[in-house]
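Please read them with the structure open.

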Amino acid sequence: MAAEQVRASHILIKHEGSRRKASWKDPEGRVISATTRDAAVRQLLALREDIVSGKARFQDVAARYSDCSSAKRGGDLGRFGRGQMQKPFEEATYALKVGELSDVVDTDSGVHIILRTG
């Protein structure tokens, strides 16, 4: 079973189309409700560029900007297997090699970039 599992970290940016419009940094959901998907993608791509260029570390960016509660762990989601995450997230994670960073991934939660760590 362990061989079937992966480990990943992610940065989630929620937007007006997200299924839950609240997060640890926006408990009332005011900012999230006013954020379009396109604006969320633009923010995520800018953050991704900072990580890829070496201007910022993934963990630091996740801790500051991610709307997921995993932000306090630098975006670390731990190990998970198939069927435990939303399908687009799962498929993107399993397609990455360890150490590889995804492009923007859309789920019902919002938009993500995923770093496969194991």
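1. **The sheet.** An open sheet is built from 4 strands in the order β2-β1-β4-β3, with antiparallel pairing. Strands count as paired if DSSP finds at least two bridges between them. Elements are DSSP runs numbered from the N terminus: helices are H or I with at least four residues, strands are E with at least two. The edges are β2 (76-80) and β3 (105-107), each pairing on one side only. From one strand to the next, the twist averages 40°.

2. **Basis.** This is a predicted model; local features need pLDDT of at least 70, side-chain atom pairs count only at pLDDT 80 or more, and totals for chains, interfaces and linings use all residues. Residues are numbered from 1 along each chain as its sequence is written, and side-chain values use heavy atoms, with hydrogens and water left out.

3. **β1 with β4.** Strand β1 (residues 6-13) and strand β4 (residues 110-116) run antiparallel, joined by 6 bridges. Ile11 stands opposite Ile113 of β4. Ile13 has Val111 as its bridge partner in β4.

4. **β3 with β4.** These two are antiparallel as well, over 3 bridges. The hairpin from β3 to β4 passes through 2 residues. Asp106 stands opposite Val111 in β4.

5. **Cover.** In β4, 7 of 7 residues are buried. Buried means under 20% relative accessible area, exposed over 50%, and partly exposed in between (1.4 Å probe, protein chains only). Helix α3 (residues 58-65) lies across β1 and β4, at about 45° to β1. Axes are lines fitted to C-alpha atoms, for helices over the stretch in contact; angles run from 0 to 180 degrees between N-to-C directions.

6. **Asp103.** Is this residue buried or exposed? Asp103 is exposed, because its relative accessible area is 56%. It sits in the loop between α4 (87-95) and β3. Leaving aside neighbours within four places in sequence, Asp103 is in contact with Arg48, His112 and Ile113. Contact means heavy atoms within 4.5 Å. Arg48 is 55 residues from Asp103 along the chain, and their C-alpha atoms are separated by 8.4 Å.

7. **Largest pocket.** 18 residues line the largest pocket; Leu12, Arg19, Cys68, Gln86 and Ser109 lie nearest its centre. A pocket is an open set of points on a 1 Å grid over the protein atoms alone, where a 1.4 Å probe fits, with protein on both sides within 12 Å along at least five of seven lines; lining residues have an atom within 4 Å of a point.
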